[in-house]
Amino acid sequence: MARTGATVPPPATPPERSISSLRDDPGPSEDLGPYWTFYRAVAAAQLRRWLPERRARVLDVSGGRTPTAARAAAAGHTVIEVLPAAPGPDRAGPRAAAPGRPRSAGRGPGPRPGAVHRVIGDPSSLEFLADACVDAVIAEDRVLSRHLAAEATVAELARVLRPGGRMLLSVDSLMLGMAILAEQNHWAHLSDVPRAEVVLVPWPDGTITRCFWSEQLRELLTEAGFEVEWIRPRTVLSPSTVEHVLTADERALGRLVRTELAASVDDESVGVHLVASAVRAPCR
């Protein structure tokens, strides 16, 4: 399908406290305050709820910044974690991962249950994995927003996921992208966003992210052969609310997480990040 796009020019230097600080989890080696403590706790709880009840072979293409692979392995699953070729300081070093193996390797017994087998590769080209060889896919840490040609990445994930298998993913929301445009005074580009099918937003660090409304994300997954189970914001509670509560009482974290998980979502697109669960449709 032909797509129109909106790409904005590199933004000016942001103010000291900017919406860009909410782009993504800063990683385990950094601490940006109570909100990220809450965010990480919510992400961990959402993953625990989502993981298969029975032992499964799980492919994690999140990139190694977040502990999703370790958490899946701790739940008893066999995990294949795909890491980038040039990992950053928060990711596994080059000695911790091996290059992707031949395609036939996906049919072998693989690592033992509860283990993480790390390989260096690209989520959009998983040639070392056979068709329909994994039971579940984790694509967290906004990996589909960081891979701008998300269609190719989703198609490849669908290929290696067995029919009936599930995928958990997160992306940057268009609400976040529009906030960044407004923060940088790109008002003309904001007016183009409603008409654009693809919105690419440059960030102060020079990276570019692809932002989604919930309906755009639903369309992306459906066209790749997935049936969407649900789409919701990572968090409904605002950073200011979370920081106010946790500053007053650090012991309120568990209560806040339970409140978040039980919250009803009237608008799927609110919040800086969207989280979705989708099932690989049976092959026709």
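**Exercise 1. In which loop is Ser 62 found?**

Solution. Ser 62 belongs to the loop between β2 (57-60) and α2 (68-74). Helices (H or I, at least four residues) and strands (E, at least two) are DSSP runs, numbered from the N terminus. The model is predicted: local features need pLDDT of at least 70, side-chain atom pairs count only at pLDDT 80 or more, and totals for chains, interfaces and linings use all residues. Residues are numbered from 1 along each chain as its sequence is written, and side-chain values use heavy atoms, with hydrogens and water left out.

**Exercise 2. Determine whether Ser 62 is buried or exposed, and list its partners.**

Solution. Step one is burial: the relative accessible area of Ser 62 is 0%, so the residue is buried (under 20% relative accessible area; exposed is over 50%, partly exposed in between; 1.4 Å probe, protein chains only).

Step three is contacts (heavy atoms within 4.5 Å). Leaving aside residues up to four places away in sequence, Ser 62 touches Thr 68, Ile 138, Ala 139, Glu 140, Asp 141 and Arg 146.

**Exercise 3. Describe the largest nonpolar core and the surroundings of Leu 221.**

Solution. A nonpolar core is a set of buried Ala, Val, Leu, Ile, Met, Phe, Trp, Tyr and Cys residues joined through side-chain atoms within 4.5 Å. The largest one here has 34 residues, and those with the most contacts inside it are Leu 59, Leu 169, Leu 217, Leu 221 and Phe 226. Elements that each supply at least two residues of this core include β3 (78-83), β7 (161-173), α7 (214-223) and β10 (226-233). Helix α4 gives the most, with five residues.

Beyond four places in sequence, Leu 221 touches Val 154, Met 167, Leu 169, Phe 226, Val 228, Ala 276 and Ala 278. In soluble globular proteins, nonpolar side chains tend to be buried together.

**Exercise 4. Classify the ring pairs of Tyr 35 with Trp 36 and with Phe 38.**

Solution. Rings of Phe, Tyr and Trp (its six-membered ring) pair if their centres lie within 6.5 Å; planes under 30 degrees apart count as stacked, over 60 as edge-to-face and the rest as tilted. The structure holds four aromatic pairs. For Tyr 35 and Trp 36, the centres are 5.5 Å apart and the planes stand at 65 degrees, so the pair is edge-to-face. Tyr 35 and Phe 38 give 6.3 Å centre to centre and 50 degrees between planes, a tilted pair.

Both Tyr 35 and Phe 38 lie in helix α1 (residues 34-50), three residues apart, about one turn of the helix. Relative accessible areas are 3% for Tyr 35, 2% for Trp 36 and 0% for Phe 38. Ring pairs link Tyr 35, Trp 36, Phe 38 and Tyr 39 into a cluster.

**Exercise 5. Report the confidence of the model and where pLDDT stays under 50.**

Solution. The mean pLDDT (the predictor's confidence in each residue, from 0 to 100) is 80, and 73% of residues reach 70 or more. Values stay under 50 over residues 1-20 and over residues 102-109.
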